[in-house]
Amino acid sequence: MSETPIYDFNKLKSALTNLGFTIGEAEPYRPLDVADVNLSNGKSSDVEITDEGIFYVNPDSGDRHQVFLYMRNYNMADWGKPRYHITNCTTLQELGTKRYRRANTGTVRVFDTSQQRDVEVSGLPLCKNCLRLLRAAHNLHYASDMTSDEFEQILRAAGEEKADIEENDTDLEGYIWKWQKISQAYRTKKNYTCEICGFCPENRMDRQYIHVHHKDGRKTNNKESNLQCLCIACHSKVNQSHQENFSKGANKIMLESFKKKYPQAGR
């Protein structure tokens, strides 16, 4: 008897993409050696820290690999495991001159100041500020449990998909596997602004309310002329089918949340 998976990694990857993270858009996954990173004002010679993710840039080849950052020196006896970071959160911005290490594997080395030596640690907890971004997207209540081990699994799966999935293969809902990338690129081009009512999110977390609509109803026709950037309210009213789709389940809850927060949008 098979067990129900605790984590829905496809949903999590989708949520991360909707927030702007580029999971799977760097080079295909390969384990990297843990290495120290010297940060000064959020900048490093071989690490890019952006709102879309954190990347190690190979100085020789220029290849980009998605990584996370964590504190190099940590008193684990008093504070437990250090938290890891996956985006340019306020914590990294405030502690930009501290010493960090970069990694893309669940098990890392931490210099435990209570023992005065490096120790191997797995399952680092996610930074609370990074977590706040994840929770805001698609009601990811389970994201509080996403450890560094699980983030490694996401990076591995994303790398495998990039290498193995055919460009025109579709998922169970009829979208091509590259749809998240296409959707993000189109919304970015339109500055996350609804093409009907002109609504634009006040903050990054509310980008989840901006959708991309297929004008002809064919989810595989991703020509730019067939796409339309719409807020969830306008998207819910384009035709009878969409009205029914947004009148039930998670879509209804999301639509009601949007209308409560932005009552003037979609008119």
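**Figure 1. Overview of the protein chain in the predicted model.** The secondary structure of the chain amounts to 9 helices and 11 strands. Of its 267 residues, 45% are buried. The chain exposes about 14500 Å², and carbon and sulfur atoms account for 45% of that area. Where contacts link residues at least 6 apart in sequence, 66% of them join residues at least 24 apart.

Figure 2. The side chain of His211 forms a polar contact of 2.9 Å with the side chain of His235. Beyond neighbours within four places in sequence, the residues in contact with His211 are Arg187, Gln228, Cys229, Leu230, Ile232, His235 and Phe246.

Figure 3. With 18% relative accessibility, His242 is classed as buried. Its side chain and that of Asn239 are joined by a polar contact of 2.8 Å. When residues up to four places away in sequence are set aside, His242 touches His213, His235 and Ser236.

**Figure 4. Close-up of His235 with His211 and His242.** His235 is among the residues in contact with His211, and His242 also touches His235. Between the side chains of His235 and His211 there is a polar contact of 2.9 Å.

Note on methods
Residues are numbered from 1 along each chain as its sequence is written. This is a predicted model: local features need pLDDT of at least 70, side-chain atom pairs count only at pLDDT 80 or more; totals for chains, interfaces and linings use all residues. Side-chain values use heavy atoms; hydrogens and water are left out. Buried means under 20% relative accessible area, exposed over 50%, partly exposed in between (1.4 Å probe, protein chains only). Contact means heavy atoms within 4.5 Å. A polar contact is a pair of N or O atoms within 3.5 Å; within protein, one must be able to donate a hydrogen and the other to accept it, and residues adjacent in sequence count only if both atoms are side-chain atoms. Helices (H or I, at least four residues) and strands (E, at least two) are DSSP runs, numbered from the N terminus. Accessible areas come from the Shrake-Rupley method with a 1.4 Å probe; for residues, only the protein chains shown count as cover.
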